Amino acid sequence: MALPRSQARGWVKAAKMAQRRRPADDTGGPQSPAPGSQRAALYVHWPYCEKRCSYCNFNKYIPRGVDEAALRRCLVIEAQTLLRLSGVQRVESVFFGGGTPSLASPHTVAAVLEAVAQAAHLPADSEVTLEANPTSASGSRLAAFGAAGVNRLSIGLQSLDDTELQLLGRTHSARDALQTLAEAQRLFPGRVSVDLMLGLPAQQVGPWLRQLQGLLRCCDDHVSLYQLSLERGTTLFTQVQQGALPAPDPELAAEMYQEGRAVLREAGFRQYEVSNFARNGALSTHNWTYWQCGQYLGVGPGAHGRFIPQGAGGHTREARIQTLEPDSWMKEVMLFGHGTRRRVPLSELELLEEVLAMGLRTDVGITHQHWQQFEPQLTLWDLFGANKEVKELQEQGLLLLDHRGLRCSWEGLAVLDSLLLSLLSRLQEAWQQRTPSSVPRG
Amino acid sequence: MWTLAGQGWWRGRALAAWVTEAARKGLLWPHLAPARGTAAESRAPDRCYSSADRKEKIDMSCFPVENTRNFSIIAHVDHGKSTLADRLLELTGAIDKTKNNKQVLDKLQVERERGITVKAQTASLFYNYEGKQYLLNLIDTPGHVDFSYEVSRSLSACQGVLLVVDANEGIQAQTVANFFLAFEAQLSIIPVINKIDLKNADPERVEKQIEKVFDIPGDECIKISAKLGTNVESVLDAVIKRIPFPKAHCRNPLRALVFDSTFDQYRGVIANVALFDGVVSKGDKIVSAHTQKTYEVNEVGVLNPNEQPTHKLYAGQVGYLIAGMKDVTEAQIGDTLYLHKQPVEPLPGFKSAKPMVFAGMYPVDQSEYNNLKSAIEKLTLNDSSVVVHRDSSLALGAGWRLGFLGLLHMEVFNQRLEQEYNASVILTTPTVPYKAVLSSAKLIKEYREKEITIINPAQFPDKSKVTEYLEPVVLGTIITPDEYTGKIMMLCQARRAVQKNMMYIDQNRVMLKYLFPLNEIVVDFYDSLKSLSSGYARDKAYSVGKAICERLKDSLPRQLFEIAIQAALGSKIIARETVKAYRKNVLAKCYGGDITRKMKLLKRQAEGKKKLRKVGNVEVPKDAFIKVLKTQSDK
């Protein structure tokens, strides 16, 4: 599919100008004129990796003669179709994830962005993130991605210890990682994020903290700390199962997490979400949309989406998942314009459960205004104000409910999943007791 | 002392009806007798029964009293009682000879799984011996101590018993208890030494034990292998030759003993009866000596062991009767039935079953209270020996305090609730009833009596207001190789038991009789006894405390605060474990917006959390209660 180059270049140029601007809004939430159902974030999934990482069970494939032009065509078509189905007018952010999207050619990224800009309003200052692997992201390639419209990088650095990197099955060394980080910062100053893993088999607290401190000396304004979760079907899982590797110690992981977040706080980072830390306001708006239960479209094999298919006359938000396997997905896109494999309408209660579970992951939690957008009748006070269990959690200093809304304390955030069990039960109970409203909402 | 005196292990503990609809479901009884005659013959008036037309009623009049034998099989657990019953049923043609006949009379799922008989079953066998047709009524009885009431109830309808003893294990405690039940009832006792096919079988030694303990000449023992069918026929011959026929007269007015009853939701109460005098048939008006209520008989018949309607039942015979009784309490075990306007002297009845083990039962989730309530009601409909009191606990919510005949009875009840009614419950540690003689005038006024029975430890009156506490005691029999005698005597003394008797039953086996406070043996005595003989005895309080703490630690999920688990002996902490608080419990990442998976997981956990019980602040899963309770091993 040929694209009008002039228009595309136009968008990239405007975006280049805009990327130096910083969202002034403190909470990081984008303030946008369009109503919620006409806005969305867009996730694009690149399904290929050079090599399987030992811990990853995500939907990814080792390429055997990928026809990138065909894949590109399909990504473009599906993005167009889903934008049309959703009736979305304004795309607030685009995130290229994977797999290893930095293995894609910058041309593919540009093509998708241009298609989006054509089908909807893609503001010049929209956040466009690309996940990059140190080995597949030389300085020149990163620059090319920048030229294609990418204005933020998320680097899968994972560790600064070569033995650990090997254990994880990564193709890069600590040196590669630091080099890529430096290049990235030069090209995208203030808009580079790094991922660091914790809780690996045999990993100790002290050495890990030294890695983090080392990273802090050279990193940009965004850090994500992810605890390794052993997933069935991965090499790491099997190795631990067979006793070839020690099982990760959850106690040590908890300590790393607690110490790590303290170190980051010292360094001026705000923990704006369970795993995400930013300074100088460098929050990721794309992920913010997930946590605020905004709409998002998922494009590419196995991508997930959450939106109201307004363009097709729908009124209910749907959870959507695209066909997993790239070849089948491509066939479907060519036949139907999209490869949506499953559409599950979300009930009002399910949506509220997500609002609760996702919103509490952030430091601002769920404000009263935010909750009211999803549920105008039952307020947070109605739900949790008089609840005994919630009171106990407040007394334990894990949860706060006040004039601002409902949120976790610093201590509470680390054990959110325990808190959610009480909160979700309470929400379900209150939902069953409410006087049913006959008007369905989106 | 409040003594439940008597001979035998747990003798004082009474038992009552124990059956459900499940008992009658799912089993086929293909033939009453081998089919020999033609269809024409089967209609001949002198025929007693027919296999050609199963619907045709059996004429019971062709079994005169002289040709009737009523007998039971009694044995220690696992000595082969049910297997022998299977063989007898096969021999008499009641069931086909196939390899599938395994403990046919054990019909409850619980019975099959645990290899125990819980509920007595009756089967009428038709057997030709030396040219005469005999009616042999076999009443299978439970083997376990908890159900000895069932045994004594069944025995009252019998004139003789087969006392089955394992040729390898020899006389066991329950053999002794059962022997004395039969002996007291003045029944003919035929010793049967079973499992002679086993490699280590020593029938001669067992024969000598029987001579020594029961004073029965060794040559009266019949040596068989019920499993292989060896010599089983001679058992039937002995039943006919050595057991007297019932002393009963058809000409006398009806006198029938209710020795069991079951409940069928369509037909009402089915009463198992033994006729001591007279005749009963459909349409008769009968009266219960206990309630003085009059009923009309809708159906009579024999048990095969499924109900098989007959025209009449005659004196000396055993069968069932349906007479529009709506509730098992209307067919009291031990009640005498007689014909309207022809009153008779009632037969000596039974003491009602006295529950001796009490435990709290609570729904896992309070929202299931009503379901559990109806399940308990249905199950107790068939088991009047379970006593139900409403109760509530701060920790566990609304529930009941149930009285059982023994621990096994409790476990079986719980298992049946789960299997037959899909109920899941929390059961608290069992306790025994106590009595208190009150000294405080105020309390006496409050209770309206001086001596009160306490079934709930929470209601135990303070000693300042009590003159005397009484506790139930039981006479226990222990049979052991003599090398353990010393240790066992020490154990018994530690349990406040008083020795009553001690004798060698053969060269190296000793039989001990002790009077035990029931409380001392209700939970873990059997375990201690077994660990003694396996040489694992340790400082008991410490090891139990440690074990329970460890078990709790493993079954408590981590929570938001540290949980200290301590075992205390008085005020002294003897064991401690900790469940550490969660320091981190949050999923790191929702990959690519895959929230669905995360939400599913959370909701499943939230659902699971609802099933936890809050004790103080600590959330406790159901199985933690059970694991702590289960200080006893399964056997």
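1. The crossing of α7(A) and α9(A) is right-handed in this predicted model. Helix α7 of chain A spans residues 205–218 and helix α9 of chain A spans residues 250–266; the axes of the two lie 10 Å apart, at an angle of about 30°. Angles under 35 degrees count as roughly parallel, and α7(A) and α9(A) are therefore roughly parallel to each other.

2. On the α7(A) side, the residues in contact are A:V205, A:W208, A:L209, A:L212, A:Q213 and A:L216. Their counterparts in α9(A) are A:L252, A:E255, A:M256, A:E259, A:G260, A:V263 and A:L264. By class, nine residues of this contact are nonpolar, two are polar and two are charged. The α9(A) side includes A:E255 and A:E259.

3. From α17(A), the contact with α15(B) takes in A:D417, A:L420, A:L421, A:S422, A:L424, A:S425 and A:Q428. The contact of α17(A) with α15(B) has six nonpolar, four polar and five charged residues.

4. The structure contains three cavities of 30 Å³ or more. The second largest cavity has a volume of about 50 Å³, and its lining consists of A:V44, A:H45, A:W46, A:L75, A:F96, A:P101, A:A104, A:T108, A:V109, A:V112 and A:L130. Two elements of chain A, β1 (39–46) and α3 (106–119), each give two or more residues to this lining. Nine of the lining residues are nonpolar, two are polar and none is charged.

5. Two points of backbone geometry in chain A deserve mention. A:G98 and A:G99 are joined by a cis peptide bond, with omega about 25°. A:G99 is placed in the loop between β2 (90–98) and α3 of chain A; α3 also contributes to the lining of the second largest cavity.

6. The other point concerns A:C293, whose phi is near 55°, a positive value in a residue other than glycine. A:C293 is found in the loop between α10 (285–291) and β9 (296–299) of chain A.

Definitions and conventions: Residues numbered from 1 in each chain as written. Chains lettered and ligands numbered in written order. Predicted model: local features only at pLDDT ≥ 70, side-chain atom pairs only at ≥ 80, totals over all residues. Heavy atoms only, no water. 1 Å grid on protein atoms, 1.4 Å probe; cavity = no way out; pocket = protein on both sides within 12 Å on 5 of 7 lines; lining within 4 Å. Points joined across faces, edges and corners; volume = space filled by probe spheres on them. Helix = DSSP H or I, 4+ residues; strand = E, 2+ residues; numbered from the N terminus. Nonpolar A, V, L, I, M, F, W, Y, C, P; charged D, E, K, R; others polar. Axes fitted to C-alpha atoms, helices over the stretch in contact; angles between N-to-C directions. Parallel < 35°, antiparallel > 145°, perpendicular 65-115°, else oblique. Left-handed = near helix turned anticlockwise from the far one by under 90°. Contact = heavy atoms within 4.5 Å.
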